[in-house]
Amino acid sequence: MALNLEDRIAYIRALFPGFLISGLIALAAQFISDHYGAPAMLMALLFGIALNFLSEVDNCREGIGFSARSVLRFGVALLGMRISFEMAAALGWSIVLLVIGGVVATILFGLAIARLFGHGPRFAFLSAGSVAICGASAAMAISAILPPDERTEERLVFTVVGVTLLSTIAMIAYPILATTIGFDAQVAGVFLGATIHDVAQVVGAGFSVSQETGEVATVVKLIRVAMLAPVILVAILIIRRIGADNGDGPRPAILPGFVISFVILVALNSFGVFPAAVTAIATEASRWALLTAIAAVGLKTSLKEVVDVGLPAIALLVVETAFIALLTIGALFWLVG
(Lines give C-alpha, C1' and ligand atoms only; values in the text may rest on other atoms or scores of the structure.)
Protein backbone atom coordinates (compact mmCIF):
# COMPACT_ATOMS: atom_id res chain seq x y z
CA MET A 1 0.00 0.00 0.00
CA ALA A 2 1.35 3.43 -0.98
CA LEU A 3 2.36 5.72 1.87
CA ASN A 4 0.81 9.16 2.18
CA LEU A 5 3.01 12.25 2.45
CA GLU A 6 2.99 12.31 6.25
CA ASP A 7 4.02 8.63 6.43
CA ARG A 8 6.78 9.20 3.87
CA ILE A 9 8.21 12.07 5.91
CA ALA A 10 8.11 9.94 9.06
CA TYR A 11 9.86 7.10 7.21
CA ILE A 12 12.61 9.42 5.95
CA ARG A 13 13.09 10.80 9.45
CA ALA A 14 13.45 7.26 10.80
CA LEU A 15 16.09 6.42 8.18
CA PHE A 16 18.05 9.66 8.39
CA PRO A 17 20.25 9.13 11.51
CA GLY A 18 21.55 5.71 10.45
CA PHE A 19 22.00 6.81 6.84
CA LEU A 20 23.84 9.96 7.96
CA ILE A 21 26.25 7.95 10.12
CA SER A 22 26.96 5.56 7.24
CA GLY A 23 27.54 8.49 4.89
CA LEU A 24 29.89 10.24 7.32
CA ILE A 25 31.95 7.06 7.67
CA ALA A 26 32.14 6.87 3.85
CA LEU A 27 33.40 10.48 3.76
CA ALA A 28 36.04 9.73 6.40
CA ALA A 29 37.16 6.61 4.52
CA GLN A 30 37.49 8.55 1.26
CA PHE A 31 39.50 11.27 3.04
CA ILE A 32 41.96 8.68 4.35
CA SER A 33 42.16 7.11 0.89
CA ASP A 34 42.80 10.43 -0.85
CA HIS A 35 45.46 11.59 1.60
CA TYR A 36 47.20 8.37 2.64
CA GLY A 37 46.49 5.92 -0.20
CA ALA A 38 44.59 3.35 1.89
CA PRO A 39 41.78 1.44 0.11
CA ALA A 40 38.56 3.40 0.71
CA MET A 41 36.36 0.27 0.89
CA LEU A 42 38.56 -1.28 3.56
CA MET A 43 38.67 1.94 5.58
CA ALA A 44 34.87 2.31 5.47
CA LEU A 45 34.46 -1.25 6.64
CA LEU A 46 36.96 -0.95 9.51
CA PHE A 47 35.55 2.40 10.67
CA GLY A 48 32.07 0.87 10.64
CA ILE A 49 33.17 -2.13 12.71
CA ALA A 50 34.81 0.24 15.23
CA LEU A 51 31.44 2.01 15.66
CA ASN A 52 29.41 -1.21 15.81
CA PHE A 53 27.72 -0.11 19.05
CA LEU A 54 25.72 2.48 17.09
CA SER A 55 23.74 -0.32 15.39
CA GLU A 56 22.19 -1.03 18.80
CA VAL A 57 20.85 2.53 19.13
CA ASP A 58 17.14 2.49 18.33
CA ASN A 59 17.00 5.60 16.15
CA CYS A 60 20.03 4.47 14.08
CA ARG A 61 19.16 0.83 13.45
CA GLU A 62 16.63 1.32 10.64
CA GLY A 63 18.77 3.75 8.63
CA ILE A 64 21.85 1.53 8.93
CA GLY A 65 19.83 -1.43 7.64
CA PHE A 66 18.51 0.69 4.74
CA SER A 67 22.07 1.74 3.83
CA ALA A 68 23.36 -1.83 3.93
CA ARG A 69 20.52 -3.08 1.75
CA SER A 70 18.87 -0.48 -0.51
CA VAL A 71 21.83 1.89 -0.98
CA LEU A 72 23.98 -1.13 -1.83
CA ARG A 73 21.61 -2.28 -4.56
CA PHE A 74 21.43 1.25 -5.99
CA GLY A 75 25.23 1.37 -6.22
CA VAL A 76 25.47 -2.03 -7.91
CA ALA A 77 22.80 -1.06 -10.45
CA LEU A 78 24.72 2.10 -11.43
CA LEU A 79 27.81 0.02 -12.21
CA GLY A 80 26.04 -0.86 -15.47
CA MET A 81 26.66 2.65 -16.81
CA ARG A 82 30.41 1.93 -16.94
CA ILE A 83 30.09 -1.00 -19.35
CA SER A 84 29.23 -1.34 -23.06
CA PHE A 85 29.31 -4.06 -25.70
CA GLU A 86 31.80 -1.93 -27.66
CA MET A 87 34.43 -2.61 -24.99
CA ALA A 88 34.29 -6.34 -25.68
CA ALA A 89 34.46 -5.90 -29.45
CA ALA A 90 37.55 -3.69 -29.17
CA LEU A 91 39.50 -6.38 -27.30
CA GLY A 92 38.68 -9.31 -29.56
CA TRP A 93 36.50 -12.28 -28.74
CA SER A 94 39.36 -14.58 -27.80
CA ILE A 95 40.24 -12.27 -24.90
CA VAL A 96 36.57 -11.91 -23.95
CA LEU A 97 36.19 -15.69 -23.83
CA LEU A 98 39.36 -15.95 -21.75
CA VAL A 99 37.95 -13.48 -19.22
CA ILE A 100 34.53 -15.16 -19.09
CA GLY A 101 36.13 -18.59 -18.80
CA GLY A 102 38.30 -17.37 -15.92
CA VAL A 103 35.26 -16.08 -14.03
CA VAL A 104 33.28 -19.29 -14.48
CA ALA A 105 36.23 -21.58 -13.73
CA THR A 106 37.14 -19.69 -10.55
CA ILE A 107 33.59 -19.88 -9.19
CA LEU A 108 33.35 -23.60 -9.95
CA PHE A 109 36.80 -24.15 -8.42
CA GLY A 110 35.79 -22.34 -5.24
CA LEU A 111 32.60 -24.38 -4.93
CA ALA A 112 34.56 -27.61 -5.50
CA ILE A 113 37.26 -27.05 -2.89
CA ALA A 114 35.37 -25.17 -0.16
CA ARG A 115 34.60 -28.33 1.82
CA LEU A 116 38.34 -29.01 2.14
CA PHE A 117 38.55 -25.74 4.10
CA GLY A 118 35.49 -26.46 6.24
CA HIS A 119 33.07 -24.14 4.46
CA GLY A 120 29.74 -24.71 2.78
CA PRO A 121 28.33 -23.44 -0.52
CA ARG A 122 27.31 -20.01 0.79
CA PHE A 123 30.82 -18.88 1.70
CA ALA A 124 32.26 -20.75 -1.28
CA PHE A 125 30.09 -18.82 -3.74
CA LEU A 126 30.58 -15.53 -1.90
CA SER A 127 34.37 -15.81 -1.81
CA ALA A 128 34.84 -17.27 -5.28
CA GLY A 129 32.40 -14.79 -6.84
CA SER A 130 34.18 -11.84 -5.27
CA VAL A 131 37.58 -13.12 -6.45
CA ALA A 132 36.29 -13.94 -9.94
CA ILE A 133 34.26 -10.80 -10.67
CA CYS A 134 34.99 -7.51 -8.91
CA GLY A 135 36.04 -7.89 -5.32
CA ALA A 136 34.08 -6.05 -2.65
CA SER A 137 31.33 -4.88 -5.03
CA ALA A 138 30.64 -8.43 -6.18
CA ALA A 139 30.73 -9.70 -2.59
CA MET A 140 28.03 -7.22 -1.59
CA ALA A 141 25.87 -7.96 -4.64
CA ILE A 142 26.13 -11.75 -4.15
CA SER A 143 25.41 -11.47 -0.42
CA ALA A 144 22.23 -9.54 -1.26
CA ILE A 145 20.74 -12.52 -3.12
CA LEU A 146 21.92 -15.39 -0.92
CA PRO A 147 19.36 -16.79 1.57
CA PRO A 148 20.19 -15.02 4.87
CA ASP A 149 21.23 -16.85 8.02
CA GLU A 150 22.84 -15.93 11.35
CA ARG A 151 26.34 -15.68 9.77
CA THR A 152 25.48 -13.71 6.62
CA GLU A 153 27.00 -10.39 7.71
CA GLU A 154 30.17 -11.80 9.25
CA ARG A 155 30.89 -13.79 6.06
CA LEU A 156 30.36 -10.67 3.96
CA VAL A 157 32.62 -8.51 6.13
CA PHE A 158 35.36 -11.12 6.17
CA THR A 159 35.18 -11.53 2.39
CA VAL A 160 35.33 -7.78 1.76
CA VAL A 161 38.34 -7.38 4.07
CA GLY A 162 40.07 -10.42 2.55
CA VAL A 163 39.62 -9.58 -1.12
CA THR A 164 40.50 -5.92 -0.55
CA LEU A 165 43.78 -6.85 1.14
CA LEU A 166 44.61 -9.46 -1.50
CA SER A 167 43.74 -7.00 -4.26
CA THR A 168 46.05 -4.40 -2.75
CA ILE A 169 48.90 -6.92 -2.58
CA ALA A 170 48.19 -7.93 -6.18
CA MET A 171 48.24 -4.28 -7.30
CA ILE A 172 51.85 -4.10 -6.13
CA ALA A 173 53.07 -7.60 -7.04
CA TYR A 174 51.32 -8.38 -10.34
CA PRO A 175 52.90 -5.59 -12.47
CA ILE A 176 56.31 -6.88 -11.35
CA LEU A 177 55.23 -10.45 -12.15
CA ALA A 178 53.94 -9.45 -15.61
CA THR A 179 57.24 -7.72 -16.42
CA THR A 180 59.27 -10.67 -15.13
CA ILE A 181 57.27 -13.12 -17.26
CA GLY A 182 57.89 -10.95 -20.31
CA PHE A 183 54.34 -9.86 -21.19
CA ASP A 184 54.12 -6.90 -23.56
CA ALA A 185 51.97 -3.86 -22.70
CA GLN A 186 48.69 -5.26 -24.07
CA VAL A 187 49.06 -8.79 -22.68
CA ALA A 188 50.11 -7.36 -19.31
CA GLY A 189 46.90 -5.29 -19.33
CA VAL A 190 44.81 -8.39 -19.98
CA PHE A 191 46.58 -10.23 -17.15
CA LEU A 192 46.09 -7.41 -14.64
CA GLY A 193 42.47 -6.79 -15.59
CA ALA A 194 41.60 -10.49 -15.49
CA THR A 195 43.16 -11.28 -12.11
CA ILE A 196 43.11 -8.30 -9.69
CA HIS A 197 39.89 -8.14 -7.69
CA ASP A 198 38.85 -4.49 -7.31
CA VAL A 199 38.49 -1.94 -10.11
CA ALA A 200 40.53 0.76 -8.36
CA GLN A 201 43.48 -1.57 -7.85
CA VAL A 202 43.31 -2.70 -11.49
CA VAL A 203 43.54 0.92 -12.61
CA GLY A 204 46.44 1.58 -10.24
CA ALA A 205 48.35 -1.51 -11.33
CA GLY A 206 47.72 -1.01 -15.05
CA PHE A 207 48.76 2.62 -15.30
CA SER A 208 51.82 1.96 -13.15
CA VAL A 209 53.11 -0.11 -16.11
CA SER A 210 52.08 2.13 -19.03
CA GLN A 211 49.18 4.09 -20.52
CA GLU A 212 48.29 1.25 -22.90
CA THR A 213 48.45 -1.37 -20.16
CA GLY A 214 46.20 0.73 -17.95
CA GLU A 215 43.58 1.21 -20.65
CA VAL A 216 43.50 -2.49 -21.59
CA ALA A 217 43.41 -3.57 -17.93
CA THR A 218 40.46 -1.28 -17.19
CA VAL A 219 38.41 -2.56 -20.14
CA VAL A 220 39.14 -6.21 -19.23
CA LYS A 221 38.12 -5.52 -15.64
CA LEU A 222 34.83 -3.96 -16.71
CA ILE A 223 34.06 -7.08 -18.76
CA ARG A 224 34.48 -9.06 -15.53
CA VAL A 225 32.11 -6.61 -13.81
CA ALA A 226 29.56 -7.26 -16.57
CA MET A 227 29.58 -10.94 -15.58
CA LEU A 228 27.87 -9.97 -12.32
CA ALA A 229 24.38 -10.06 -13.83
CA PRO A 230 24.53 -13.52 -15.50
CA VAL A 231 26.28 -15.04 -12.46
CA ILE A 232 23.59 -13.72 -10.13
CA LEU A 233 20.83 -14.90 -12.48
CA VAL A 234 22.22 -18.46 -12.54
CA ALA A 235 22.68 -18.39 -8.76
CA ILE A 236 19.09 -17.31 -8.18
CA LEU A 237 17.75 -20.04 -10.46
CA ILE A 238 19.74 -22.62 -8.46
CA ILE A 239 18.61 -21.14 -5.13
CA ARG A 240 14.98 -21.21 -6.29
CA ARG A 241 15.32 -24.83 -7.35
CA ILE A 242 16.95 -25.88 -4.08
CA GLY A 243 14.37 -23.92 -2.11
CA ALA A 244 11.53 -25.60 -4.01
CA ASP A 245 13.02 -29.06 -3.42
CA ASN A 246 13.58 -28.45 0.30
CA GLY A 247 10.39 -26.51 0.93
CA ASP A 248 12.38 -23.70 2.55
CA GLY A 249 9.83 -20.92 2.39
CA PRO A 250 9.36 -18.38 -0.40
CA ARG A 251 11.82 -18.44 -3.27
CA PRO A 252 13.67 -15.30 -4.38
CA ALA A 253 12.58 -13.40 -7.49
CA ILE A 254 14.20 -14.68 -10.69
CA LEU A 255 15.96 -11.33 -11.08
CA PRO A 256 16.07 -8.68 -8.35
CA GLY A 257 15.28 -5.13 -9.43
CA PHE A 258 18.88 -3.96 -9.02
CA VAL A 259 20.14 -6.66 -11.42
CA ILE A 260 17.46 -5.79 -13.99
CA SER A 261 18.49 -2.13 -13.69
CA PHE A 262 22.15 -3.10 -14.14
CA VAL A 263 21.37 -4.98 -17.38
CA ILE A 264 19.19 -2.16 -18.75
CA LEU A 265 21.89 0.43 -18.05
CA VAL A 266 24.54 -1.71 -19.78
CA ALA A 267 22.27 -2.00 -22.85
CA LEU A 268 21.50 1.73 -22.92
CA ASN A 269 25.16 2.65 -22.48
CA SER A 270 26.07 0.31 -25.34
CA PHE A 271 23.83 2.35 -27.64
CA GLY A 272 25.43 5.62 -26.53
CA VAL A 273 22.31 6.94 -24.81
CA PHE A 274 24.18 8.59 -21.94
CA PRO A 275 26.45 11.62 -22.42
CA ALA A 276 29.93 11.32 -20.96
CA ALA A 277 29.06 13.79 -18.18
CA VAL A 278 26.09 11.67 -17.06
CA THR A 279 28.22 8.52 -17.06
CA ALA A 280 30.87 10.27 -14.95
CA ILE A 281 28.24 11.40 -12.43
CA ALA A 282 26.74 7.91 -12.27
CA THR A 283 30.19 6.38 -11.71
CA GLU A 284 30.82 8.69 -8.76
CA ALA A 285 27.32 8.08 -7.38
CA SER A 286 27.87 4.32 -7.59
CA ARG A 287 31.21 4.57 -5.79
CA TRP A 288 29.74 6.66 -2.95
CA ALA A 289 26.69 4.41 -2.65
CA LEU A 290 28.89 1.31 -2.32
CA LEU A 291 31.16 3.07 0.20
CA THR A 292 28.11 4.06 2.28
CA ALA A 293 26.70 0.54 2.06
CA ILE A 294 29.91 -1.15 3.18
CA ALA A 295 30.19 1.32 6.07
CA ALA A 296 26.69 0.26 7.13
CA VAL A 297 27.62 -3.42 6.84
CA GLY A 298 30.58 -2.70 9.12
CA LEU A 299 28.31 -0.94 11.60
CA LYS A 300 26.15 -4.07 11.80
CA THR A 301 29.12 -6.39 12.45
CA SER A 302 31.22 -6.97 15.56
CA LEU A 303 34.95 -7.62 15.28
CA LYS A 304 34.61 -10.89 17.20
CA GLU A 305 32.25 -12.26 14.53
CA VAL A 306 34.80 -11.49 11.80
CA VAL A 307 37.66 -13.12 13.71
CA ASP A 308 35.52 -16.22 14.31
CA VAL A 309 35.44 -16.93 10.56
CA GLY A 310 38.99 -18.21 10.98
CA LEU A 311 42.16 -19.11 9.11
CA PRO A 312 40.55 -21.68 6.75
CA ALA A 313 38.53 -18.86 5.18
CA ILE A 314 41.71 -16.84 4.60
CA ALA A 315 43.34 -19.88 3.02
CA LEU A 316 40.33 -20.40 0.72
CA LEU A 317 40.49 -16.79 -0.54
CA VAL A 318 44.24 -17.06 -1.14
CA VAL A 319 43.88 -20.33 -3.06
CA GLU A 320 41.06 -18.91 -5.22
CA THR A 321 43.19 -15.82 -5.94
CA ALA A 322 46.17 -17.98 -6.91
CA PHE A 323 43.92 -20.14 -9.11
CA ILE A 324 42.59 -17.29 -11.28
CA ALA A 325 46.12 -15.84 -11.64
CA LEU A 326 47.70 -19.13 -12.72
CA LEU A 327 44.78 -19.99 -15.00
CA THR A 328 45.05 -16.61 -16.73
CA ILE A 329 48.83 -16.87 -17.17
CA GLY A 330 48.45 -20.33 -18.72
CA ALA A 331 45.66 -19.17 -21.04
CA LEU A 332 47.66 -16.11 -22.18
CA PHE A 333 50.70 -18.24 -22.99
CA TRP A 334 48.43 -20.54 -25.00
CA LEU A 335 46.85 -17.60 -26.87
CA VAL A 336 49.91 -15.48 -27.63
CA GLY A 337 52.50 -18.27 -27.81
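I260 is found in helix α13, residues 257-270; helices here are DSSP runs of H or I with at least four residues, numbered from the N terminus. The model is predicted, so local features need pLDDT of at least 70 and side-chain atom pairs count only at pLDDT 80 or more, while totals for chains, interfaces and linings use all residues. Residues are numbered from 1 along each chain as its sequence is written, and side-chain values use heavy atoms, with hydrogens and water left out.

I260 has 37% relative accessibility and therefore counts as partly exposed. Buried means under 20% relative accessible area, exposed means over 50%, and partly exposed lies in between (1.4 Å probe, protein chains only). Together with I264, L268, F271 and V273, I260 forms a nonpolar patch on the surface, with about 470 Å² of accessible area in total. Such a patch is made of residues with over 30% relative accessible area and no salt bridge, with nonpolar side chains joined within 5 Å. A salt bridge is a side-chain nitrogen of Lys or Arg within 4 Å of a carboxyl oxygen of Asp or Glu. Accessible areas come from the Shrake-Rupley method with a 1.4 Å probe.

## Aromatic pairs

Five aromatic pairs are found in a search of the whole structure. Rings of Phe, Tyr and Trp (its six-membered ring) pair if their centres lie within 6.5 Å; planes under 30 degrees apart count as stacked, over 60 as edge-to-face and the rest as tilted. F109 and F323 make a stacked pair, at 4.1 Å centre to centre and 5° between the planes. This pair links distant parts of the chain, 214 residues apart: F109 is in helix α5 (residues 93-113) and F323 in helix α16 (residues 311-336). F109 is partly exposed at 22% relative accessibility, and F323 is partly exposed at 23%.

The pair of F183 and F191 is tilted, because the ring centres are 5.9 Å apart and the planes stand at 55°. F183 is buried at 13% relative accessibility, and F191 is buried at 0%. Ring pairs link F183 and F191 with Y174 and F333 into a cluster.

N52 lies in the loop between α2 (40-50) and α3 (58-78). N52 is buried, with a relative accessible area of 18%. Leaving aside residues up to four places away in sequence, N52 touches G298, L299, K300, T301 and S302, where contact means heavy atoms within 4.5 Å.

In α11, the buried residues include T213, G214, V216 and A217.

How values were computed: Patch = residues over 30% accessible without salt bridge, like charges linked within 9 Å, V, L, I, M, F, W, Y side chains within 5 Å. Helix = DSSP H or I, 4+ residues; strand = E, 2+ residues; numbered from the N terminus.
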